[in-house]
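Please open the model in your viewer and keep the selection tool ready, as this tour moves from one selection to the next.

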Amino acid sequence: MRSFVFFISVLAALALSFVLVGFCTPVEQSAEVSRKFNCSRSDLWLTLTNIREFASIKEDVKKVEILNDGGNKWIEISGAGVATEVEILEATEGEKLVLKITDPNLKVEKRREYTLFGNQEHSMLSIKEYTKVEKLLLRSTLALSGSKQSIKKEINGLAQHMSF
């Protein structure tokens, strides 16, 4: 009986700790990752803005549906069927791209800024992500898993694609 009470106490303490992490984590979070590429800035820009190829570039994207003729709004569908809405807010060719990324199911909104530096031989890509998460338990989950995970995965997938 004592071991059962001890086990329940440990579970309760873990659950309380998980909730407290959510309370301590801010609603608005930011993360940044940078990486050097062995290609020109213009080649990197073309790959970064080639929406139709995202299924082969991004590991989590299995299908892309473009929503308008201008190509500045689309839906990325993951292998699990999760649809994420993406919209270009700002694009300065070869220099900066700003996206609004919305997950309507989780009610999470992100703003992702891609900034390119470099010349005809080497380039550098910096991705800054600003996330607004209202749900307490989701904030806890993101805080414990690491806020940079999604942009690290994206920049590594891009680097792998560019190395082919």
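Select Lys58, which counts as buried because its relative accessibility is 15%, where buried means under 20% relative accessible area, exposed over 50% and partly exposed in between, with a 1.4 Å probe and protein chains only. This is a predicted model, in which local features need pLDDT of at least 70 and side-chain atom pairs count only at pLDDT 80 or more, while totals for chains, interfaces and linings use all residues. Residues are numbered from 1 along each chain as its sequence is written, and side-chain values use heavy atoms, with hydrogens and water left out.

Next, select Glu129 and Arg112, whose side chains meet in a salt bridge at 2.3 Å, N to O, and which are both buried. Salt bridges with shared partners join Lys58, Glu76, Arg112, Glu129 and Glu154 into one network.

Then move to Asp60 and Lys153, which form a salt bridge with their closest N and O atoms 3.7 Å apart. Asp60, at 41% relative accessibility, counts as partly exposed, and Lys153, at 40%, also counts as partly exposed. By the rule given above, the count comes to seven salt bridges.

Technical notes: A salt bridge is a side-chain nitrogen of Lys or Arg within 4 Å of a carboxyl oxygen of Asp or Glu.
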